[in-house]
Amino acid sequence: MRVGILTRNAEAWCSTQLRKAFTNLGAEVESFWFTDLASRISFGPTVQRRDKVDLSTHLDALLVRPIGRGSLDEVLYRVDTLHRLSESGLCVVNPPRAIERCVDKYYALSILQANGVKVPRTVVTEDHELALEAFSELGGDVILKPVFGSRGMGITRVTDYEVARRVFNLLHYHRFVLYLQEYIPHGRSDIRAFVVGDRVVAAMHRRARGWKTNVSQGAKPVAAKLLSEQEDLALKAVSTLGCLVAGVDILESKNGRYVTEVNSQPGFRGLQSVSQVNVAEEIAKFVIGYVKGS
Ligand SMILES: Nc1ncnc2c1ncn2[C@@H]1O[C@H](COP(=O)(O)OP(=O)(O)O)[C@@H](O)[C@H]1O
Ligand SMILES: [Mg+2]
């Protein structure tokens, strides 16, 4: 079996762990990035790699690591290319449709809510005045997020009306979409559930100094064994968005348990540091089994 890892940096920690895990299970691994590809229309292979192989017949599966930040052109081209590969019969993990849903915080949350997954009250608008109205509606304590973002970057908490006015005006001026969410008082800790297939294979609490609990922002991973309700919520969120491998962020407060996002290209270095399970191996085993079964 030949597995591709689509990664910007083949030597990055997660990509290395995955390469080792697949290799240990007898698969051949090839790592490459979008810039190694040319997508063709009306002649030749649909997606050809720099070394001229036709990707969809050459590989048995393609594992997608973070598709990354990029220009609008780049991001759309990358997702479209994954769609073309998937449509030409290649097993792409995660499925491009799931990636597309998850990377867009607005789209993802609306699908989750429509399917009965509890998510925080959220308002998304292009207009700064409507955003200011929403700021008050959401209790004057909001988390402002980029619609496309990760690792807690660009996320801010706004609690002051005048600061909100100023920030919304500026973001509006620079043509950002305003994404405001009620602040969930989570006590500086949240849950990250790591789902592979239909199982939570590992989980952690992320303990932070402030309200932002991303490990990349300095939060500390602490091993966790989840309650069955917590696992069920994570599994429901993941299957609703159509992921095969995902990291689910869950915030808990006295008002309930909320899913804030499903990461379709999750890192697992922090999680691995407190987990007995070999996360990369779980992913590799799953992907190999999935390809064999399909
Ligand atoms: N509504 C919220 N209330 C309180 N904290 C939040 C809320 N939304 C996000 N956070 C905090 O910010 C972090 C990053 O938010 P998240 O939506 O997961 O975006 P990212 O993709 O950047 O990780 C979360 O892990 C959590 O600690
Ligand atoms: Mg997150």
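These legends describe close-up views of a predicted model.

**View 1. The chain is divided into three domains**. Domain 1 covers residues 2-93. Domain 2 is made of two stretches, 102-117 and 186-288. Domain 3 covers 122-182. The centres of domain 1 and domain 3, taken over C-alpha atoms, are 35 Å apart.

**View 2. The largest nonpolar core holds 28 residues**. L112, V248, V259 and V262 touch the most other members. Several elements each supply at least two residues, among them α5 (105-114), β11 (189-196), β14 (245-253) and β15 (256-263). Helix α8 gives the most, with five residues. A second, separate core has 27 residues, including L63, V201, V245 and I288.

**View 3. L112 and its contacts**. Leaving aside residues up to four places away in sequence, L112 touches V117, V119, A237, T240, L241, V259 and V262.

**View 4. The buried residues of helix α4**. These are P96, A98, I99, R101 and C102. They pack against strands β5 (61-64), β6 (91-93) and β15. They also pack against helices α3 (72-87), α5 and α8.

**View 5. An open sheet of four parallel strands**. The order is β2-β1-β5-β6. Strands β2 (28-32) and β6 stand at the edges with a single partner strand each, so one side of each has no neighbour in the sheet. On average, neighbouring strands are turned by 20° against each other, direction ignored.

**View 6. Strands β5 and β6 with helix α10**. Three bridges join the parallel strands β5 and β6. L62 stands opposite V92 in β6. Helix α10 (residues 279-293) packs on the sheet and touches both β5 and β6. The direction of α10 makes about 145° with that of β5.

Definitions and conventions:
Residues numbered from 1 in each chain as written. Chains lettered and ligands numbered in written order. Predicted model: local features only at pLDDT ≥ 70, side-chain atom pairs only at ≥ 80, totals over all residues. Heavy atoms only, no water. Domains from an automatic or database assignment. Core = buried A, V, L, I, M, F, W, Y, C linked by side-chain atoms within 4.5 Å. Buried < 20%, exposed > 50% of the residue type's maximum accessible area, 1.4 Å probe, protein only. Contact = heavy atoms within 4.5 Å. Pairing = 2+ DSSP bridges. Axes fitted to C-alpha atoms, helices over the stretch in contact; angles between N-to-C directions.
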